[in-house]
Amino acid sequence: MAEEVVLMKGNEAIAQAAIRCGADGYFGYPITPQSEVLETLAELKPWETTGMVVLQAESEVAAINMVYGGAGSGKMVMTSSSSPGVSLKQEGISYIAGAELPCLIVNVMRGGPGLGTIQPSQADYFQTVKGGGHGDYKLIALAPASVQEMTDFVALGFELAFKYRNPAIILADGVIGQMMEKVVLPAQKARRTEAEILEQCPWATTGKAKGRKPNIITSLELKPEAMEINNLRFQAKYRKIEENEVRFEEINCEDAEYLIIAFGSMARIGQKAMELAREQGIKVGILRPITLWPFPTKAIASYADKVKGMLVTELNAGQMIEDVRLAVNGKIKVEHFGRLGGIVPDPDEIVTALKETIIK
Amino acid sequence: MTKEEIIKPENLVYKKPTLMNDNAMHYCPGCSHGVVHKLIAEVIEEMGMEDKTVGISPVGCAVFAYNYLDIDWQEAAHGRAPAVATAIKRLWPDRLVFTYQGDGDLACIGTAETIHALNRGENITIIFINNAIYGMTGGQMAPTTLVGMKSSTCPYGRDVKIHGYPLKMTEIAAQLEGTAYVTRQSVQSVPAIRKAKKAIRKAFENSMNGKGSNLVEIVSTCSSGWKMTPEKANKWMEEHMFPFYPLGDLKDKE
Ligand SMILES: Cc1ncc(C[n+]2csc(CCOP(=O)(O)OP(=O)(O)O)c2C)c(N)n1
Ligand code: SF4
């Protein structure tokens with residue numbers, strides 16, 4: 001397949017990108033608003049073209065453990081789900097992080113808690129960047145704001161996951177999963193051959209070749225001293241990721257007196273709000289974290305001396321705002337604007353919130 | 001004859017499988033886990049699959065199975081081994097993939113993963129050690145605990161009014177379209193060990209020949225959990241476990 005320009009949904013783009021980047025396997029379970037990922041894969045039948053395995057598991061628990069198995073055997077494997085499903089996957093995610101395996105997880109968030117709603121939300125921010133499962137671990141979290149980024153972040157997610165042997169997650173929301181946009185799909189990349197996998201992943205459980213020691217994938221270590229060493233190794237890796245992989249976008253920040261900090265679909269709405277505010281003479285810029293972890297702490301901190309205040313807009317009750325407040329460390333006013341339960345606000349609601357909470 | 005005269009290579013009739021390393025096993029004396037490990041090592045070796053086998057170890061006493069058999073292993077979360085095995089086998093179809101699971105692992109927290117992997121007909125083998133108790137965590141009740149049998153969480157004996165009935169997972173597995181070979185064995189005597197080995201071999205061969213999924217239950221003892229000597233545990237197993245969990249093949253889709 002050559003490079004192609006098409007109109008499609010964010011969820012469909014995830015499926016297309018997975019095949020085209022040479023993924024070896026997808027394991028998932030249906031849940032709105034992301035079922036199109038599995039549906040699109042089923043329709044495209046990549047097992048007949050690239051040889052990619054696609055399997056509808058019996059549950060999210062099984063799906064993530066299939067990902068654990070596949071990742072442990074050196075393959076490029078992924079899963080996707082939405083909030084309640086991702087909660088079920090947390091056990092497996094913790095195991096994958098503990099065993100230091102590369103994989104890609106996609107969460108197209110919906111409103112909660114509980115069964116909640118099928119409408120868009122960003123309320124799984126804490127779950128994603130602060131843990132979710134048990135133990136001290138981190139996921140490389142990418143937050144797309146367009147269908148193009150849904151496409152691009154599949155390959156990027158895999159690349160970072162393999163670079164650091166760490167699970168990566170695409171944290172999208174229902175808006176990005178469901179909206180249709182023009183997207184450039186990359187040309188088909190070949191899946192890695194068995195020989196390439198054996199060379200690139202000498203740690204993988206592929207069957208003990210003669211002359212090498214058995215490969216053992218485990219997160220178990222009963223001796224506390226050894227477990228502490230494992231954890232220190234994880235933490236050192238996380239510091240390296242924090243140094244090298246922070247990604248964010250800035251629009252109109254140079255002359256800004258106020259900043260909107262937002263990710264995903266809220267950054268798209270924030271962009272319109274910024275335009276409306278500028279028409280009214282309020283100098284607003286927008287900073288959009290692309291990696292939610294590692295968080296663009298330094299970039300945000302650097303604006304604490306330049307702007308008068310920051311409005312953090314999220315589809316939740318105030319989660320990322322905690323990281324923004326930590327970054328500015330009390331130097332300036334940081335307020336929150338959010339809609340809950342799956343409601344997506346209009347841009348002028350954000351302008352009003354900016355005036356009432358920050359500028360007033 | 002002196003000992004030195006007897007211990008000669010030409011007199012050797014029995015040896016440790018080369019896949020078993022010299023690590024001292026953590027299992028209690030008389031535990032069935034060690035015997036079954038040895039059988040698996042022998043079968044892999046006899047099949048010449050040393051470099052093509054991936055084992056999935058469970059949560060439970062056999063969590064450290066990877067310390068004893070020199071093959072590649074993945075350690076799975078409690079009950080999830082069949083899901084882990086499913087993916088590995090699908091992604092590496094020419095590998096021999098098996099799980100090794102206790103009754104708590106397979107018949108309780110992992111019931112869904114077990115039934116669905118078997119029903120999909122995954123070309124894997126599930127080795128199921130049924131000692132009717134949770135060994136590792138200190139002898140709590142398992143789904144397979146017999147009626148009247150005591151455990152630390154049913155200290156007055158399993159009462160069906162409170163705890164429900166023991167679960168016969170192997171009988172369930174035999175009903176599933178996806179299973180090729182379902183059998184129940186034991187390892188308390190030499191003849192039993194020989195039969196169990198044959199069963200494991202057949203299951204592994206089926207896995208490689210794409211016949212569907214295979215379940216080998218081994219009715220086992222847990223002298224620590226049962227609070228018996230190994231000898232008494234074996235006797236108790238024969239008297240109480242075998243009537244409820246009768247040995248033999250339940251399904252063989254030749
Ligand atoms: C999610 C989870 N819940 C509980 C446990 C604790 N746990 C460890 S082993 C075990 C029971 C294992 O029993 P079984 O599978 O029968 O194996 P055995 O020890 O008897 O060989 C339990 C409940 C765990 N490790 N993970
Ligand atoms: S506790 Fe029971 S199952 Fe575990 S090693 Fe001891 S005898 Fe075996």
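These notebook entries record what I looked up in the structure, which is a predicted model.

**Entry 1: ligand 1**

I began with the surroundings of ligand 1. I found 16 residues around ligand 1, and the closest are B:Cys61, B:Gly104, B:Asp105, B:Gly135 and B:Met136. Sorted by class, this shell holds six nonpolar, eight polar and two charged residues.

I then looked up polar atoms beside the oxygen atoms of ligand 1. The side chain of B:His33 places a polar atom 2.9 Å from an oxygen atom of the ligand. For B:Asn131, a side-chain N or O atom is 3.1 Å from an oxygen atom of ligand 1. B:Met136 contributes through its backbone, with an N or O atom 2.9 Å from a ligand oxygen atom. Ligand 1 alone exposes 590 Å², and the protein buries 76% of that area.

Which elements give two or more residues to the shell around ligand 1? I noted helix H4 (103–109) and strand E5 (133–134) of chain B. H4(B) supplies the largest share, four residues.

**Entry 2: ligand 2**

Next I listed the residues around ligand 2. They are B:Tyr27, B:Cys28, B:Cys31, B:His33, B:Cys61, B:Asn131, B:Gly135, B:Cys222, B:Ser223 and B:Ser224. I counted five nonpolar and five polar residues in this shell, and no charged ones.

**Entry 3: aromatic rings**

I recorded nine aromatic pairs over all chains of the structure. I took B:Phe64 and B:Tyr66 as an example: the pair is edge-to-face, with 5.9 Å from centre to centre and 80° between the planes. Are these two residues buried or exposed? B:Phe64 is buried, because its relative accessible area of 17% is under the 20% limit. B:Tyr66 is also buried, with a relative accessible area of 7%.

A:Arg165 lies over the face of A:Trp203, 4.2 Å from the ring centre. A:Lys306 is placed over the face of A:Tyr303, 4.7 Å from the ring centre.

**Entry 4: backbone angles**

Before reading the angles, I noted the general rule that most residues other than glycine have a negative phi, and that most peptide bonds are trans.

Which peptide bond at A:Pro113 is cis? The bond from A:Gly112 to A:Pro113 is cis, with omega near 0°. I located A:Pro113 in the loop between strand E5 (103–109) and helix H6 (125–129) of chain A. The bond from A:Trp293 to A:Pro294 is cis, with omega near 0°. A:Pro294 belongs to the loop between strand E13 (291–293) and helix H12 (297–303) of chain A.

I then looked up positive phi values. A:Glu100, which is not a glycine, has a phi near 55°. A:Glu100 sits in the loop between helix H5 (83–98) and E5 of chain A, and A:Glu100 is buried, with a relative accessible area of 12%. B:Ala132 has a positive phi of about 60°, although it is not a glycine. I placed B:Ala132 in the loop between strand E4 (125–130) and E5 of chain B. B:Ala132 is buried, with a relative accessible area of 0%.

**Entry 5: helix H2 of chain A**

Last, I examined helix H2 (residues 36–44) of chain A, where the buried residues are A:Glu36, A:Val37, A:Leu38, A:Thr40 and A:Leu41. Just after H2(A), A:Lys45 takes a positive phi of about 50°.

Technical notes:
Residues numbered from 1 in each chain as written. Chains lettered and ligands numbered in written order. Predicted model: local features only at pLDDT ≥ 70, side-chain atom pairs only at ≥ 80, totals over all residues. Heavy atoms only, no water. Near = heavy atom within 4 Å. Nonpolar A, V, L, I, M, F, W, Y, C, P; charged D, E, K, R; others polar. Polar contact = N/O pair within 3.5 Å; in protein donor to acceptor, adjacent residues only side chain to side chain. Areas by Shrake-Rupley, 256 points an atom, 1.4 Å probe, with all protein chains shown as cover. Buried < 20%, exposed > 50% of the residue type's maximum accessible area, 1.4 Å probe, protein only. Phe/Tyr/Trp six-rings, centres within 6.5 Å; stacked < 30°, edge-to-face > 60°. Lys NZ or Arg CZ within 6 Å of the ring centre and 35° of its normal.
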